[in-house]
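Please keep the sequence and the structure in view while reading.

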Amino acid sequence: MTRVALFVTCIVDQVFPQIGIATADVLERLGYQVDFPEDQTCCGQPALNSGYPEQAATVARGFLDTFRDAEHIVVPSGSCAAMITHHFEEIFEHDSKRLEEARKVAPRVWELSQFLLEVAKVEDVGARFEGTVTFHDSCHALRELHLKQGPRRLLAHVQGLTLREMEIAEECCGFGGTFSVKFPEISGGMARTKIDSIRKTEVGAVVGIDASCLMQLQGVMDRARLPIRTMHLAEILASR
Amino acid sequence: MTAREQILSDIRGALGRTETSAAAPLPAPMLRFPNMDIGVAVSLFRQKLEKLNGKTMLVPSRAHVVEFLRPLLEGKRAVAANSPFVAACGITQMPGVQSGITDRDALRDACASADLGITSVDYALAETGSFVMLSSADNARLISLLPPAHIAVFPRSRILANLDELLSMLPRPADQTSSLVLITGPSRTADIEQILVRGVHGPGEVYAVIVEDE
Amino acid sequence: MPATPKEDFQKTLADSRLQLAIYSSTRRLMDHRAAVVAPEALSDYQELRTRANQIKSHTIDHLDHYLTELESNVTAHGGRVVFCRDSGDVTEFLVGLAKERNARRIVKSKSMVTEEIHFNDALEKNNLEVVETDLGEYIMQLAGERPYHIVAPALHKTRQDVAALFTEKLGVEREEVIEEQTKIARRVLRQKFLSADIGVSGANFLVADSGAVVLVENEGNARLSTSTPKIHVAVAGIEKLIPRAQDLAVFLNLLGRSATGQPLTVYTSFLSGPRREGEIDGPDEFYLVLVDNGRTRLLADPEKRQSLFCIRCGACLNHCPVYRKIGGHNYPWVYSGPIGAIITPQFHGVAQDPWLPFASSLCGACAEVCPVKIEIPKLLLKLRAEVTAAKQSTGQGGLERSGFRAWAWLMSHPKIYLSLASMGSRFRGMIPKIGPLRSWASQREVPKLAPRSFHKLWAERKRATGKTS
């Protein structure tokens with residue numbers, strides 16, 4: 001049985017654990033043995049984002065140590081996966097030992113939809129979800145990992161699900177990590193523009209692969225008392 | 001230290017170079033152009049220029065140019081370039097057409113009060129519907145710029161595929177002229193509320209008269 | 001260190017007319033660009049970008065070599081190159097030239113570098129009349145404002161704004177029809193073109209092997225400014241160089257498309273000096289003013305010198321969700337949007353506008369559309385680290401720094417982190433809304449920490465199924 005290690009990400013661990021459960025369900029149903037290295041915490045992105053690369057390196061070293069021996073590492077987040085595969089090299093620029101480790105781990109790190117399509121090589125995970133949804137393209141996933149059609153192909157095979165595209169699927173939701181609290185008015189404005197576009201699709205839920213985007217959108221929609229849900233791709237794929 | 005010396009010295013310092021540092025070689029320029037059939041080039045040129053609100057006419061031979069232009073020039077004042085092709089088409093003999101001007105001020109005054117400027121072109125570009133004009137004794141800059149309308153008359157053989165082909169034929173325009181200009185349609189702006197308006201400073205009306213048998 | 005201009009942001013965000021103007025104008029420019037860089041329209045778009053980046057990288061890495069080649073070719077064609085360190089040098093040269101030639105009136109086409117050095121103000125103080133001739137720039141000159149956008153300077157003005165402005169400044173009867181407003185400007189500016197002593201232009205590209213400047217425009221004002229006056233002065237930053245005329249194929253195929261969605265703008269001029277023998281019109285004298293104004297400082301940083309590749313197309317502004325909310329005037333300098341965010345701190349030092357590199361969600365839309373592939377988000381991250389380091393060296397930002405140090409320590413001690421987190425979730429309703437939490441709550445509902453973390457849920461799941469992991 002092939003083993004995959006799950007890196008749930010700090011936000012899923014503490015705020016949206018159901019996304020982690022759903023991810024594990026999907027993988028186990030496909031026949032993988034899911035390992036959860038307990039010492040995992042975070043990829044370090046918040047510190048890098050805020051201008052503290054040393055602190056980001058401290059946390060990133062923890063990731064490298066925890067996942068050293070994992071053959072496949074699955075991450076239900078585009079931004080965290082991109083942090084590991086694209087930004088660890090910058091953080092460890094001057095640390096040749098850790099740089100080498102970062103280069104070795106990068107090809108083994110997969111965002112969930114990437115893993116399903118490219119490693120498990122499945123498009124139909126046997127999911128069922130009745131409803132019309134729209135899909136939000138998270139920035140790091142779209143522009144760093146080049147995920148666009150992948151998640152949509154997976155959704156296309158979900159029984160009972162109809163996907164309706166919003167006009168501005170690729171526009172940023174406004175989260176941006178500490179940007180959301182350093183520039184709340186701009187962040188909120190960006191989210192409201194996005195939500196206007198979501199409302200026009202008249203769907204019941206917006207699906208994404210990054211919990212941070214979903215948290216941002218849900219927060220603004222709840223403030224506006226809109227009855228639209230946010231759901232992580234893993235939750236849809238785990239639905240039966 | 002002069003400003004020149006200071007700046008060059010700062011640049012070299014910043015780059016870790018000295019006065020005698022060589023320049024690494026640069027790959028050959030990237031020039032891509034199709035081998036375009038002339039009939040296709042003519043059609044494409046016309047399509048592109050017309051999409052920009054330019055007007056195009058295909059005339060069978062240079063002898064026919066005058067009759068095609070007559071309605072456009074009726075009752076109007078025009079300045080024509082000293083181009084041999086313009087003269088060969090009989091344009092300089094038409095009523096209302098001033099040509100043969102070689103004095104800069106006289107030319108400017110004529111253009112400032114003319115309704116039309118008539119020139120030939122050195123080349124045309126099919127993919128963008130552009131005229132290519134080199135400033136010379138045969139072609140003054142202001143004729144295609146000051147009057148509110150510009151008519152370019154040229155043989156179809158001057159049409160090239162695109163800018164890349166032009167640059168491959170003319171790798172050093174500065175060897176030949178102080179001014180090479182590509183004109184792609186009528187002058188325009190969208191500076192106010194993004195609403196398109198034509199004929200801001202340059203001509204708002206542009207005509208291409210293409211002589212088919214040359 | 002100065003604070004973030006939050007009130008200004010709020011004002012702009014609350015102005016629904018302005019929001020619509022910015023949003024719809026940029027949307028239009030985005031759509032036009034998309035149509036002409038799509039694979040069906042331009043099959044080698046990505047290759048062109050790569051090539052443009054390589055050419056610029058090569059040129060910048062050998063800038064002194066190409067500058068001297070440029071100078072030698074300008075001189076050979078009868079022109080003169082004037083190197084200027086800063087605003088003072090430029091003013092001194094122009095004022096001196098005007099005096100020698102008895103010149104009073106200057107017509108000017110668009111040039112961002114002249115905005116940088118407050119060119120118009122400096123010359124007007126020396127009793128020279130400087131008239132902007134690009135319609136958008138002319139409007140902004142009348143209004144006394146700086147440009148709102150690199151390519152569309154009056155993007156935020158309505159026809160009513162323009163009508164009021166023309167009546168007030170030109171004494172004409174109120175006219176709200178845009179086509180008529182344009183005719184008014186054409187009439188007024190034509191007089192200026194025909195009577196100007198000096199024409200000042202910018203330069204989109206400087207061509208080293210030809211001693212030439214390339215001007216790209218739609219109106220015809222750059223052609224007129226450089227053809228009617230007897231003297232042409234082109235002002236350009238030293239980084240505007242490309243090695244060969246033939247390299248224009250790459251850059252001209254990218255510039256118009258990226259800026260406005262036009263494969264070529266209406267006029268592309270390739271000017272190499274005063275008129276030649278036999279040419280009937282054109283200037284008698286040509287001067288190329290090459291401006292440093294701090295560019296050599298940017299050059300010294302190997303990671304950030306790619307900022308100098310910029311060809312000023314404005315695509316990054318159009319695609320930036322932050323620019324599209326706060327508009328051009330909320331940026332501290334003449335360059336706005338993502339390019340402004342990376343070069344402003346490099347020119348002025350990170351301490352002047354420390355908030356600027358942080359005013360981005362790092363979405364990467366800018367880098368995706370940049371024709372010369374500047375890695376804008378990467379440079380923003382580098383600048384953020386420089387800001388925090390600068391704060392540390394001046395004894396500021398201690399609270400945030402300690403916060404992140406503590407956070408990093410906690411994240412490296414999983415067992416302690418997890419037990420603290422589980423305590424936090426127990427008291428989650430009682431966490432006071434201060435600092436970041438308050439900031440979050442100003443715009444959104446606050447999500448709650450889950451009662452049991454994934455760590456806990458997983459442990460329970462393993463116990464239930466009797467497996468170990």
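In this predicted model, strand E1 (residues 3-6) of chain A runs parallel to E2(A), and three bridges join the two strands. One of the residue pairs here is A:Val4 with A:Val34, the latter being the bridge partner in E2(A). Both strands belong to an open sheet of four strands in chain A, whose order is E2-E1-E3-E4 and whose pairing is parallel. Strand E2 (33-35) and strand E4 (109-111) of chain A stand at the edges with a single partner strand each, so one side of each has no neighbour in the sheet. On average, and with direction ignored, neighbouring strands of this sheet are turned by 35° against each other. H7(A) packs on the sheet, where it touches strand E3 (73-75) and E4 of chain A, and the direction of H7(A) makes about 105° with that of E4(A).

Chain A holds a further open sheet of four strands, with the order E6-E5-E7-E8 and parallel pairing. The edge strands of this sheet are strand E6 (159-163) and strand E8 (229-232) of chain A, each of which pairs on one side only. Neighbouring strands are turned by 40° against each other on average, direction ignored. Within the sheet, strand E5 (residues 128-135) of chain A runs parallel to strand E7 (residues 205-208) of chain A, and three bridges join them. In E7(A), A:Val206 is the bridge partner of A:Thr134, and A:Ala205 is the bridge partner of A:Val133. E7(A) also pairs with E8(A), in the parallel sense and over four bridges; there, A:Val206 has A:Thr230 in E8(A) as its bridge partner. Strands of a sheet pair through backbone hydrogen bonds, in either the parallel or the antiparallel sense.

| Residue | Bridge partner | Strand of the partner |
|---|---|---|
| A:Val4 | A:Val34 | E2(A) |
| A:Thr134 | A:Val206 | E7(A) |
| A:Val133 | A:Ala205 | E7(A) |
| A:Val206 | A:Thr230 | E8(A) |

How is chain A divided into domains? The domain assignment gives domain 1 (3-118) and domain 2 (123-238). The centres of domain 1 of chain A and domain 2 of chain A, taken over C-alpha atoms, are separated by 21 Å. Their contact takes 29 residues from domain 1 of chain A and 26 residues from domain 2 of chain A. On the side of domain 1 of chain A that touches domain 2 of chain A, the elements giving two or more residues are helix H1 (10-14), helix H2 (17-29), helix H3 (45-49), helix H5 (78-91) and helix H7 (112-119) of chain A. H2(A) gives the most to this side, with seven residues. By class, the residues on this side of domain 1 of chain A divide into 15 nonpolar, eleven polar and three charged.

The axes of helix H8 (residues 135-143) of chain C and helix H9 (residues 159-170) of chain C come within 10 Å and cross at roughly 60°, which makes H8(C) oblique to H9(C). The crossing in which H8(C) passes H9(C) is left-handed. Here C:Ile139, C:Leu142 and C:Ala143 in H8(C) meet C:Val162, C:Leu165 and C:Lys169 in H9(C), and the residues of this contact divide into five nonpolar, no polar and one charged.

In the other pair, the axes of helix H2 (residues 16-37) of chain C and helix H12 (residues 248-260) of chain C come within 6 Å and cross at roughly 145°. H2(C) brings C:Leu29, C:His32, C:Arg33, C:Val36 and C:Val37 to the contact, while H12(C) brings C:Arg257, C:Ser258 and C:Thr260. This contact has three nonpolar, three polar and two charged residues.

Between chains, the contact takes 60 residues from chain B and 75 residues from chain C. On the side of chain B that touches chain C, H1(B) gives the most, with ten residues. By class, this side of chain B has 31 nonpolar, 16 polar and 13 charged residues. Strand pairing also crosses between the chains: E9(B) and strand E9 (residues 267-271) of chain C pair in the antiparallel sense over five bridges, and the bridge partner of B:Ile183 in E9(C) is C:Tyr267.

Conventions: Residues numbered from 1 in each chain as written. Chains lettered and ligands numbered in written order. Predicted model: local features only at pLDDT ≥ 70, side-chain atom pairs only at ≥ 80, totals over all residues. Domains from an automatic or database assignment. Contact = placed C-beta atoms within 7 Å. Nonpolar A, V, L, I, M, F, W, Y, C, P; charged D, E, K, R; others polar. Pairing = 2+ DSSP bridges. Axes fitted to C-alpha atoms, helices over the stretch in contact; angles between N-to-C directions. Parallel < 35°, antiparallel > 145°, perpendicular 65-115°, else oblique. Left-handed = near helix turned anticlockwise from the far one by under 90°.
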